[in-house]
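Open the structure in your viewer and keep the selection panel at hand. Each stop below says what to select and what is there.

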Amino acid sequence: MTVTPENAVTPVECDVWWAGPDLADPGLLELLDAHERARHARFRAAADRDRYVVAHALVRLVVGAAAGVPPAGVEFALRCRGCERGTDPRPEPHGKPYPVGAAAGVQVSLSHSGDRVVVALARGVEVGVDVETVAGARDIEGLAGFALTAAERADLEALPVADRTGAFFGYWARKEALLKATGDGLSGGLGNVAVNAPDAPARVTAWNLPDAPPHVRLTDLDAGPGYRAALAALTDAPLSVTARDAAALLAR
Ligand SMILES: CC(C)(COP(=O)(O)OP(=O)(O)OC[C@H]1O[C@@H](n2cnc3c(N)ncnc32)[C@H](O)[C@@H]1OP(=O)(O)O)[C@@H](O)C(=O)NCCC(=O)NCCS
Ligand SMILES: [Zn+2]
């Protein structure tokens, strides 16, 4: 088929902003709302506080820039489909941040783990992003028992032992990115969504929820050694992903 402007599929542009907890600065707290500041103050570990403030300041900075509004004026509605379904027991306010007001229509997702903070942004298409630290000391077999399907576990067990921990967190990041794109969160059940083996380009192989999205794109992201990351978008159009360094944006 000849691709003409009429039948060409326009890719969905996704920006993936990377930062780290080392960029935490007291000045960034001013960008957070009262609920976020209270949550920030409750973290006991400095590392948790730093990841949190960088992630929540960054999401306002990138949404503000995309919508042409000052970052401190960006407002979010939080939505968790797990809570709407009654499968998430957490009482405190939480959920996927949806920009409202002047920035409505910009879609975001954020994730933080170890030395990585990541925010994904697209216009008009729901996105989900996840970054995971490859944590060697964890009980991978136990985690795989609830997070992976039987077919995924079989693929994992076919790998050399030394490769299994990295592969497991690759599965986890792909599946959690999908559940964050829909707003389900982990209570959507990592075992309800299946993906292919990590050595091939990422794709969804099954999604066992009655309201699973009709179209989804999934791609791995490069988060550097010791990390696995993935991006999901609820669209049938191809993704055009641009990785961006958030250091300059966060500098105070
Ligand atoms: C977000 C979630 C998927 C897990 O996140 P995580 O791996 O701990 O952390 P990440 O850094 O990757 O993502 C956290 C961000 O996802 C976003 N998020 C929260 N709920 C979300 C949801 N339902 N859908 C999409 N994104 C969500 C928030 O922006 C959150 O940031 P914050 O914690 O700084 O406010 C969430 O479901 C969760 O916290 N689960 C743990 C507890 C739980 O699910 N209990 C229910 C029993 S099954
Ligand atoms: Zn919830």
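Start with the open sheet of four strands, ordered E4-E5-E1-E11, in which the pairing is mixed. At its edges are E4 and strand E11 (239-245), each of which pairs on one side only. On average, neighbouring strands of this sheet are turned by 20° against each other, direction ignored. Helices (H or I, at least four residues) and strands (E, at least two) are DSSP runs, numbered from the N terminus. Two strands pair if DSSP finds at least two bridges between them. Axes are lines fitted to C-alpha atoms, for helices over the stretch in contact, and angles run from 0 to 180 degrees between N-to-C directions. Strands of a sheet pair through backbone hydrogen bonds, either parallel or antiparallel.

A word on the model before you go on: it is predicted, so local features need pLDDT of at least 70 and side-chain atom pairs count only at pLDDT 80 or more, while totals for chains, interfaces and linings use all residues. Residues are numbered from 1 along each chain as its sequence is written, chains are lettered from A and ligands numbered from 1 in the order in which they are written, and side-chain values use heavy atoms, with hydrogens and water left out.

Select residues 106-113, strand E4. Seven of its eight residues are buried, where buried means under 20% relative accessible area, exposed over 50%, and partly exposed in between (1.4 Å probe, protein chains only). Two of the residue pairs to look for are Leu-110 with Val-119 in E5 and Ser-113 with Arg-116 in E5. The two strands form a hairpin with two residues between them. Which residue in the turn has a positive phi? Select Gly-114: its phi is about 55°.

**His-56**

Next, select His-56 in helix H2 (residues 46-67). Is His-56 buried or exposed? With a relative accessible area of 12%, His-56 is buried. Its side chain makes a polar contact of 2.8 Å with the side chain of Glu-36. A polar contact is a pair of N or O atoms within 3.5 Å; within protein, one must be able to donate a hydrogen and the other to accept it, and residues adjacent in sequence count only if both atoms are side-chain atoms. Leaving aside neighbours within four places in sequence, His-56 is in contact (heavy atoms within 4.5 Å) with Leu-32, Glu-36 and Leu-110. Leu-110 is the residue paired with Val-119 at the previous stop.

**The three-stranded sheet**

Move to the open sheet ordered E6-E10-E9, where the pairing is antiparallel. Strand E6 (127-133) and strand E9 (217-221) each have a single partner strand, so one side of each is left without a neighbour in the sheet. The twist averages 15° from one strand to the next. Show helix H6 (residues 161-181) as well: H6 packs on the sheet, touching E6, E9 and E10, and its direction makes about 155° with that of E6. E9 pairs with strand E10 (residues 227-233) in the antiparallel sense over five bridges, and Leu-221 stands opposite Ala-229 in E10.

Within E6, pick Val-131, which counts as buried at 1% relative accessibility. Apart from neighbours within four places in sequence, the contacts of Val-131 include Trp-18, Ser-113, Arg-116 and Ala-229.

**Thr-235**

Follow the chain to the loop between E10 and E11 and select Thr-235. Thr-235 is buried, with a relative accessible area of 9%. Its side chain reaches the backbone nitrogen of Ala-237 at 3.0 Å.

**The zinc ion**

Finish at ligand 2, a zinc ion. Which residues are its protein donors? They are Cys-80 (SG), Cys-83 (SG), Asp-88 (OD) and His-94 (NE2), lying 2.1 to 2.3 Å from the zinc ion. Donors are N, O and S atoms within 2.8 Å of the metal (3.2 Å for Na, K and Ca); water is not among the atoms, so sites may look incomplete. The angles among the four donor atoms are 97 to 125°, and the site is tetrahedral; four donors count as tetrahedral if all angles lie between 85 and 135 degrees.

Methods: Four donors count as tetrahedral if all angles lie between 85 and 135 degrees; four count as square planar and six as octahedral if opposite donors are over 155 degrees apart and all others between 65 and 115; anything else is irregular.
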